[in-house]
Amino acid sequence: MTYTPVKLTFEQYLEYDDGTDNRYELCNGGLIPMPPESGENIWIALWLMYELVQLVDRRLVLPTNCCELQVVGKTQNRFPDLVVIREEHLEPTKKRQTITLNMAPPRLVVEVVSPYRSQKDENYRRDYIDKLHKYEQRGIPEYWIIDPQAQLVTVLVLVNGRYQKTEFSGLQRLVSRTFPQLELTAEQVLQAKW
């Protein structure tokens with residue numbers, strides 16, 4: 001963890017500048033440097049972004065680590081791999097792409113799972129457990145977990161405050177409440193071909 005002389009509030013974190021381009025998660029008031037994403041994760045997120053901009057205003061689809069979400073708990077922010085924001089987010093995020101708790105949640109959040117050895121690994125737990133709970137609490141209506149290792153796309157839809165999940169693999173067509181017109185299979189997303 002990066003040394004900070006005092007624990008930062010989220011508001012102080014938003015003003016923090018160490019003179020580098022490093023990104024940090026705020027955890028218990030301390031700063032945790034964010035490692036760079038894998039090439040595969042970035043590519044899948046970018047490919048999906050290109051597909052989604054055919055369905056929604058391109059300004060609303062933000063690729064890997066371009067948008068930060070304030071969440072509740074020990075870790076107070078997340079940098080999803082892909083976010084579809086709302087039109088109302090455009091003006092308040094001009095200076096900094098941060099969706100704070102006083103704003104409506106984004107329409108869709110997508111995470112691409114980094115390689116893992118088992119379901120006990122941090123990479124697995126972060127996307128399948130920790131972020132799932134954070135995004136559910138935050139009221140994000142739809143959360144996708146793209147897992148290249150398991151060759152699985154999990155679509156979680158918020159129903160009465162809880163996520164209901166559907167898993168897709170192979171040639172199964174993804175079903176999205178946010179984008180019902182989307183015509184992609186799990187295999188297309190996982191293979192991310194042009």
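Which element gives the largest share of the lining of the largest pocket? Select α3: 5 of the lining residues come from there. This is a predicted model, where local features need pLDDT of at least 70, side-chain atom pairs count only at pLDDT 80 or more, and totals for chains, interfaces and linings use all residues. Residues are numbered from 1 along each chain as its sequence is written, and side-chain values use heavy atoms, leaving out hydrogens and water.

Stay with that pocket (an open set of points on a 1 Å grid over the protein atoms alone, where a 1.4 Å probe fits, with protein on both sides within 12 Å along at least five of seven lines; lining residues have an atom within 4 Å of a point). Its volume, the space filled by probe spheres set on the points, is about 370 Å³. Now show Glu25, Met34, Pro35, Arg126 and Lys131, which lie nearest the centre among 24 lining residues. Elements giving two or more residues to this lining are β1 (24-27), β2 (30-33), β8 (108-112) and α3 (122-138); helices are DSSP runs of H or I, at least four residues, and strands are E runs of at least two, numbered from the N terminus.

Next, the second largest pocket, with about 280 Å³ of space. Pick Tyr13, Asn22, Arg23, Tyr24 and Arg96, the closest to its centre of 17 lining residues.

Last stop: an open sheet of 3 strands, ordered β5-β4-β7 with mixed pairing (strands pair if DSSP finds at least two bridges between them). β5 (77-78) and β7 (98-99) stand at the edges with a single partner strand each, so one side of each has no neighbour in the sheet. Strand β4 (residues 68-70) runs parallel to β7, joined by 2 bridges. Zoom in on Leu69, opposite Ile99 in β7.
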